[in-house]
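User: Let us go through this model by asking what each label rests on. Please set every value against its cut-off.

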Amino acid sequence: MSVERTLKKLVSGLILDLDGTLINTDGIVSEILKVFLVKYGKQWDGREAPHIVGKTPTEAAAAVVEDYGLPLSTDEFLSQFYPMLSDQWRNIKALPGANRLINHLRGHGVPMALASNSSRSNIEAKIFHHAGWKESFSAIVGGDEVKAGKPSPEIFLEAAKRLNMDPSSFLVIEDSIPGVTAGKAAGMAVVAVPSLAKQSHLYTSADEVTHSLLDLLLEKWGLPAFQDRIEGTLPLEPWCIGGPVIKGFGRGSKVLGIPTANLSPEGYSAILSEHPAGVYFGWAGLSGRGVYKMVMSIGWNPFFNNTQKTIEPWLLHDFNEDFYGEELHLVVVGYIRPEANFLSLEALIAKIHEDRKIAERALELPQYLKYKDDPYLKISLHLEN
């Protein structure tokens with residue numbers, strides 16, 4: 001057994017947060033705030049995101065009103081903003097790994113509870129469109145069902161009480177610092193999955209910090225391990241992204257010896273917010289040329305300390321010339337590993353080449369090879385005709 005998989009603690013139940021942990025609420029909130037603030041001559045820039053993640057609706061509203069100097073009371077803000085938000089709840093997507101986690105633990109009969117600072121009715125509305133979720137939880141506790149929301153431990157203690165289990169027998173999974181604080185105060189083990197970029201160092205009170213739900217190692221906590229990885233890869237529900245190839249940071253070929261075909265992050269903020277930083281693979285359709293194997297990174301590339309989240313695909317084929325401006329369509333079919341930092345450039349390059357080998361081998365497997373014929377890749381071949 002490797003050091004990374006060493007048992008940390010035996011637990012017998014799981015309590016999950018909802019917003020930012022299981023569903024991409026932050027992405028929807030950001031999009032609606034952009035529209036809402038324009039009415040008051042303001043522009044959403046995300047600066048108060050750290051002030052609203054994990055807070056109660058009233059606390060989050062107060063932060064936005066104060067930070068933007070809006071001529072509204074907190075109650076007035078909520079009365080205007082929440083109807084806009086509730087109209088979009090049906091569009092909130094599950095975060096990568098959420099369905100996998102819920103289905104896996106339900107299949108193994110592990111007791112699960114949902115505990116959120118949102119009101120009970122809002123929780124019910126948010127999970128309504130996610131098949132099987134409501135039935136998977138033996139208890140659901142909303143912020144309006146306790147005297148104090150997170151960071152008070154009350155919401156987690158109430159969930160344990162409803163399941164008639166000792167608080168110390170639970171593992172909590174949380175994306176926010178108030179949630180982590182609440183879980184630890186309740187005497188529970190806590191895994192943090194930070195929803196804020198580059199903030200992992202702030203989650204020091206968590207028992208473990210992991211990049212995403214895709215990277216959870218349940219066996220560390222005595223829970224049934226996932227058994228779905230194939231030759232070093234995790235199959236994903238395929239997703240697509242595309243656009244013209246742009247000039248990147250000029251380091252792919254020059255510094256790394258790896259010619260990446262960069263896509264602009266402009267217009268893809270929603271997609272980028274859904275998918276955790278890491279290394280993925282799949283198929284690439286390049287207009288007028290063909291379909292190729294592809295491995296790509298999404299994230300901030302800690303070694304180079306990017307200031308924005310980027311998409312950097314590497315088409316696994318030797319091209320004789322650049323293809324800037326040509327249309328590139330990607331079908332992402334699997335996940336290899338989380339984003340990581342490296343002590344040296346040589347270590348980074350070696351890891352990238354290891355990722356390439358894993359992707360090349362995996363894409364020959366029938367489970368992944370079948371997506372080479374995806375229509376989205378073929379469309380790109382006819383754009384210039």
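User: Which residue takes a positive phi in the hairpin of β9 and β10?
Analyst: Gly288 does, with phi near 75°. The hairpin has 3 residues between its strands. This is a predicted model, in which local features need pLDDT of at least 70 and side-chain atom pairs pLDDT 80 or more, while totals for chains, interfaces and linings use all residues. Numbering runs from 1 along each chain as its sequence is written, and side-chain values use heavy atoms, leaving out hydrogens and water.

User: What makes β9 and β10 a pair, and in which sense do they run?
Analyst: Strands count as paired if DSSP finds at least two bridges between them. β9 and β10 (residues 290-299) have 9 bridges and run antiparallel. Gly282 stands opposite Met294 of β10. The strands themselves are DSSP runs of E, at least two residues long; helices are runs of H or I, at least four, and both are numbered from the N terminus.

User: How many bridges join β9 to β12?
Analyst: There are 9, and the two strands run antiparallel. β12 covers residues 327-338. Trp283 has Val331 of β12 as its bridge partner.

User: What makes β9 a mostly covered strand?
Analyst: Buried means under 20% relative accessible area, exposed over 50%, and partly exposed in between, with a 1.4 Å probe and protein chains only. In β9 (residues 278-286), 9 of 9 residues are buried. For the chain of 385 residues, the buried share is 51%.

User: Why is Trp239 called buried?
Analyst: Trp239 has 11% relative accessibility, so it counts as buried. Trp239 sits in strand β7 (residues 234-246).

User: How do you know what Trp239 touches, and which residues are they?
Analyst: A contact needs heavy atoms within 4.5 Å. With neighbours within four places in sequence left aside, Trp239 contacts Ile271, His275, Met296, Ile298, Leu330, Val331 and Val332. Val331 is 92 residues from Trp239 in sequence, yet the C-alpha atoms are 5.7 Å apart. Val331 is also the bridge partner of Trp283.

User: Is His275 buried or exposed?
Analyst: His275 counts as buried because its relative accessibility is 9%. His275 lies in the loop between α11 and β9. Beyond its neighbours within four places in sequence, His275 is in contact with Pro96, Trp239, Tyr280, Ile298 and Lys309.

User: Why does Trp89 count as buried?
Analyst: Its relative accessible area is 7%, so Trp89 is buried. Trp89 belongs to the loop between α4 (74-86) and α5. Not counting residues up to four places away, Trp89 touches Tyr82, Asn122, Ala125 and Lys126. Trp89 and His129 are 40 residues apart in sequence, with C-alpha atoms 8.7 Å apart.

User: What makes β3 and β6 edge strands?
Analyst: β3 (139-141) and β6 (208-209) each pair on one side only. They belong to an open sheet of 6 strands, ordered β3-β2-β1-β4-β5-β6, with parallel pairing. Within this sheet, 4 bridges join β4 (residues 170-174) to β5 (residues 189-192). Val172 stands opposite Val190 of β5.

User: How exposed are Asn164 and Glu231?
Analyst: Asn164 has 70% relative accessible area, so it is exposed. Glu231, at 42%, counts as partly exposed.

User: Which peptide bond is cis, joining Pro151 to what?
Analyst: The bond joins Lys150 and Pro151, with omega about 20°. Pro151 lies in the loop between β3 and α8.

User: How many helices and strands does the chain have?
Analyst: It has 14 helices and 12 strands. Among contacts between residues at least 6 apart in sequence, 69% join residues at least 24 apart.
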